[in-house]
Amino acid sequence: QVQLVESGGGLVQAGDSLKLSCAASTRAFIMAWFRQAPGKEREFVAAITWNDGNTYYADSVKGRFTISREYAKNTMSLQMNSLIPGDTAVYYCAADQDFVRFGAGKADYWGQGTQVTVSS
């Protein structure tokens, strides 16, 4: 069982930055961020592996978002820059042992979600 606790959501203006964090109870899984906007399906945002720090991004956030991890603290973060209204969503931290499942919007473990709202 993996516990994931997110923090850092909020209301910002377009062009602003925001950082989300996710504290994990274990480093045994690949970590990822997903988001779900109202009326839309949950979508993959970014992922990172604990051991070597390899990162993966959705095309929609490449160059604007950066995923990172603090290995010693079991904490993963998502630095979001140049935010746009289209980034408005509930952001979820997720963990799974199989990266392929992220592409299907699936993961074994989920955090409670944190709201990010970007005003124009």
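Buried, as the word is used for a residue in these legends, means under 20% relative accessible area. The structure shown in every view is a predicted model.

**View 1. The disulfide between Cys-22 and Cys-93.** A disulfide joins Cys-22 to Cys-93, with a sulfur-to-sulfur distance of 2.0 Å, and the count for the structure comes to 1 disulfide. Because Cys-22 lies in strand β3 (residues 18-24) and Cys-93 in strand β9, the bond ties together parts of the chain that are 71 residues apart in sequence. The torsion about the S-S bond is about -70°, and the disulfide is therefore left-handed. Cys-93 has a relative accessible area of 0%, so this residue counts as buried, and Cys-22, also at 0%, is buried as well.

**View 2. Arg-35 and its surroundings.** Arg-35 is found in strand β4, which covers residues 30-36, and with a relative accessible area of 5% this residue is buried. A salt bridge connects Arg-35 with Glu-43, where the closest N and O atoms are 2.6 Å apart, while Glu-43 itself is partly exposed, at a relative accessible area of 34%. The side chain of Arg-35 also makes a polar contact of 3.0 Å with the side chain of Tyr-91. When residues up to four places away in sequence are left aside, the residues that Arg-35 touches include Val-45, Ser-60, Phe-65, Asp-87 and Val-90.

View 3. Asp-87 forms a salt bridge with Arg-64, and the closest N and O atoms of the two are 2.7 Å apart. The pair links distant parts of the chain, since Asp-87 belongs to the loop between β8 (75-80) and β9 (89-96) and Arg-64 to the loop between β6 (55-57) and β7 (65-70), 23 residues apart. Asp-87 is buried at 1% relative accessibility, and Arg-64 is buried too, with a relative accessible area of 16%. Through salt bridges that share partners, Arg-35, Glu-43, Arg-64 and Asp-87 are joined into one network.

**View 4. The salt bridge of Lys-62 and Asp-59.** The structure as a whole contains 7 salt bridges, and one of these is formed by Lys-62 and Asp-59, with the closest N and O atoms 3.3 Å apart. Asp-59 is exposed, having a relative accessible area of 64%.

**View 5. Phe-44 and its aromatic partners.** The structure holds 10 aromatic pairs, among them the edge-to-face pair of Phe-44 and Phe-99, with 6.2 Å from centre to centre and 85° between the planes. Phe-44 lies in strand β5 (residues 43-48) and Phe-99 in helix α1 (residues 99-103), so this pair ties together parts that are 55 residues apart in sequence. Phe-99 is partly exposed, at 31% relative accessibility. Phe-44 also pairs with Phe-102 in a stacked arrangement, 6.3 Å centre to centre and with 20° between the planes, which again links strand β5 to helix α1, here across 58 residues. Both Phe-44 and Phe-102 are buried. One aromatic cluster is formed by Phe-34, Phe-44, Tyr-56, Tyr-92, Phe-99, Phe-102 and Trp-110.

**View 6. Arginine residues over aromatic rings.** The charged end of Arg-42 sits over the ring of Trp-110, at 3.8 Å from the ring centre, and Trp-110 is one of the members of the aromatic cluster. In another such arrangement, Arg-27 lies over the face of Tyr-71, 3.9 Å from the centre of that ring.

Definitions and conventions: Residues are numbered from 1 along each chain as its sequence is written. This is a predicted model: local features need pLDDT of at least 70, side-chain atom pairs count only at pLDDT 80 or more; totals for chains, interfaces and linings use all residues. Side-chain values use heavy atoms; hydrogens and water are left out. A salt bridge is a side-chain nitrogen of Lys or Arg within 4 Å of a carboxyl oxygen of Asp or Glu. Buried means under 20% relative accessible area, exposed over 50%, partly exposed in between (1.4 Å probe, protein chains only). Helices (H or I, at least four residues) and strands (E, at least two) are DSSP runs, numbered from the N terminus. A polar contact is a pair of N or O atoms within 3.5 Å; within protein, one must be able to donate a hydrogen and the other to accept it, and residues adjacent in sequence count only if both atoms are side-chain atoms. Contact means heavy atoms within 4.5 Å. A disulfide is a pair of cysteine sulfur atoms within 2.5 Å. Rings of Phe, Tyr and Trp (its six-membered ring) pair if their centres lie within 6.5 Å; planes under 30 degrees apart count as stacked, over 60 as edge-to-face and the rest as tilted. A charge sits over a ring if NZ of Lys or CZ of Arg is within 6 Å of the ring centre and within 35 degrees of the ring normal.
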